[in-house]
Structures are given as C-alpha cells and as structure tokens.
Amino acid sequence: MESVTFPKDEVVNFVMKNFVPLRLAHDTQPHATDFNVKWTPTIVILDSRGKEHHRIVGFMRGDEFIPFLILGMGKIHYDNGEYEVAINYFNQVLQDYPNSGSAPEAVFLRGVSSFKKTNETEPLKETYKLLTEKYPDSDWTKRAFPYSLL
Amino acid sequence: MAEKIKWESDFNQALERAASEQRPILVDFFNPG
C-alpha cells in the first residue's frame, strides 16, 4: 500500500490531521478475524469506538485515497444518524473529487441522507437523475433506479 | 515535505487515542511479506 498511496504529501497530511493511523499485519489476531481480513491490502475506517464504517480491499490509486477517506468520514456520521454532518462530507467529495471512484456513492448517500432528514422524496429522485447524468455506468446508479419511480 | 505517517501498531492504543482525540481510525491490514 505504501508504495502506491502514502508517499504523497497531501495524503500523508490528510491522514495525520484527520485519523489515528493504525497498521497491522494481515494475520494479527483477534483483529484479522474480527474484521474478516482475507486479502491485502485491506483498508478499514473505524469510528472512535472501533466500529467499522467503510473499507476497501486491494490497491487504490493515490488520487483516489483522500475522497475514499472523506466518504468514510461521512459514513460514520450517516451510520450514526447525523445526516446534516454526513451531507457536508458527501458534498466535499463531490465538490473536490467529482471524478473519483467514491463520488457515485457520495451522491447516493447524500440523497438518502436528505430523505432521512426531511422525509421528502425529491432528493431521491434528484439523486437518480444526477447519477444517470454523471455516472451512468456506476453500480450506485443501478441501486438508485427505484427512486425514478417515486 | 510532509512527514511520514506515524502508525500506531497496537489496536488498543489506537482506540485510546481515537477516543481521547475524537478521531476515526484508519486501519491498514498489510502483508509484511
């Protein structure tokens, strides 16, 4: 992982500013079992109590790593029902890294967060529209298809 | 020039730091070869 992603200054600074970084050998017990680690690298984002919210298995290009981390930070708040805060993180992914692999999921979760916050279906319809326009081949676009029927 | 990432190597220590600093944890499960 380090040879691909972490030497980038921007990534190092982002990680040091926003996370507690922890590196474990893939067979470290009980954590490898607890987190079902089967392949390397496996990168997992946990909240401050140790609960998992986001992961990737396999190598990632350096320019994909920061949006992956921001999406993960948003998912911590999303999973905790803090939708307004989560939306801010998802917006940050879409503003700063709109062409990243994390962007379609950020669009999807932003729409769901808006729905959960307001109970209005319009954000879900907008989500499907935006996904079909900007990320037509994404799995997240397929997942959002039912929102077009609302 | 950025510093290198200062990795924790102990899960419980990382948890303690995360709780006191109110930060998430980034875990890199790697293959030391």
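How does the radius of gyration of chain A stand against that of a compact globule with 150 residues? And how is the sheet built, with which strands in which order?

Reply: This is a predicted model, in which local features need pLDDT of at least 70, side-chain atom pairs count only at pLDDT 80 or more, and totals for chains, interfaces and linings use all residues. Residues are numbered from 1 along each chain as its sequence is written, while chains are lettered from A and ligands numbered from 1 in the order in which they are written.

A compact globule of 150 residues would have a radius of gyration near 15 Å; chain A has 16 Å, which agrees. That radius is taken over C-alpha atoms, and the globule rule is 2.2 Å times the number of residues to the power 0.38. The C-alpha trace of chain A spans about 45 × 30 × 30 Å along its principal axes. Chain A has 7 helices and 3 strands. Both kinds of element are DSSP runs numbered from the N terminus: helices are H or I with at least four residues, strands are E with at least two. Along the sequence the pattern is α-β-α-β-β-α-α-α-α-α.

Now the sheet. It is open, has 4 strands and mixed pairing, and its order is S1(A)-S1(B)-S2(A)-S3(A). S1 and S3 of chain A stand at the edges with a single partner strand each, so one side of each has no neighbour in the sheet. On average, neighbouring strands are turned by 20° against each other, direction ignored. Such angles run from 0 to 180 degrees between N-to-C directions, and axes are lines fitted to C-alpha atoms, for helices over the stretch in contact.

Take the pair within chain A. S2 (residues 42-46) and S3 (residues 52-57) of chain A pair in the antiparallel sense over 5 bridges. Strands count as paired if DSSP finds at least two bridges between them. A:Thr42 stands opposite A:Val57 in S3(A), and A:Ile45 stands opposite A:His54. S2(A) and S3(A) form a hairpin with 5 residues between them. In its turn, A:Gly50 has a positive phi of about 95°.

S2(A) also pairs with a strand of chain B. S1 of chain B (residues 25-30) and S2(A) are antiparallel over 5 bridges. There, A:Ile43 has B:Asp28 as its bridge partner.

The contact of the two chains takes 31 residues from chain A and 26 residues from chain B. Residues are in contact if their C-beta atoms, placed from the backbone, lie within 7 Å. On the side of chain A that touches chain B, the elements giving two or more residues are H1, S1 (20-25), H2 (31-34), S2 and H3 of chain A. By class, this side has 20 nonpolar, 8 polar and 3 charged residues. Ala, Val, Leu, Ile, Met, Phe, Trp, Tyr, Cys and Pro count as nonpolar, Asp, Glu, Lys and Arg as charged, and the others, Gly among them, as polar.

Helices lie across the sheet. H3(A) lies across S2 and S3 of chain A, at about 150° to S3(A). H1 of chain B (residues 11-21) lies across S1(A) together with S1(B), at about 170° to S1(A).

H3(A) has a helix partner as well. The axes of H1 (residues 9-18) and H3 (residues 62-79) of chain A come within 9 Å and cross at roughly 20°. That makes H1(A) roughly parallel to H3(A). Angles under 35 degrees count as roughly parallel, over 145 as roughly antiparallel, 65 to 115 as roughly perpendicular and the rest as oblique. H1(A) passes H3(A) in a left-handed crossing. Left-handed means that the near helix is turned anticlockwise from the far one by less than a right angle, right-handed that it is turned clockwise. From H1(A), A:Glu10, A:Val11, A:Phe14 and A:Asn18 meet A:Gly62, A:Phe65, A:Ile66, A:Leu69 and A:Met73 of H3(A). These contact residues divide into 6 nonpolar, 2 polar and 1 charged.

Most residues other than glycine have a negative phi, and most peptide bonds are trans. A:Gln29 and A:Pro30 are joined by a cis peptide bond with omega about 5°. A:Pro30 is in the loop between S1 and H2 of chain A. The bond from A:Thr40 to A:Pro41 is cis too, with omega near -10°. A:Pro41 is in the loop between H2 and S2 of chain A. A:Asn36 lies in the loop between H2 and S2 of chain A, and its phi is near 55°, a positive value in a residue other than glycine.
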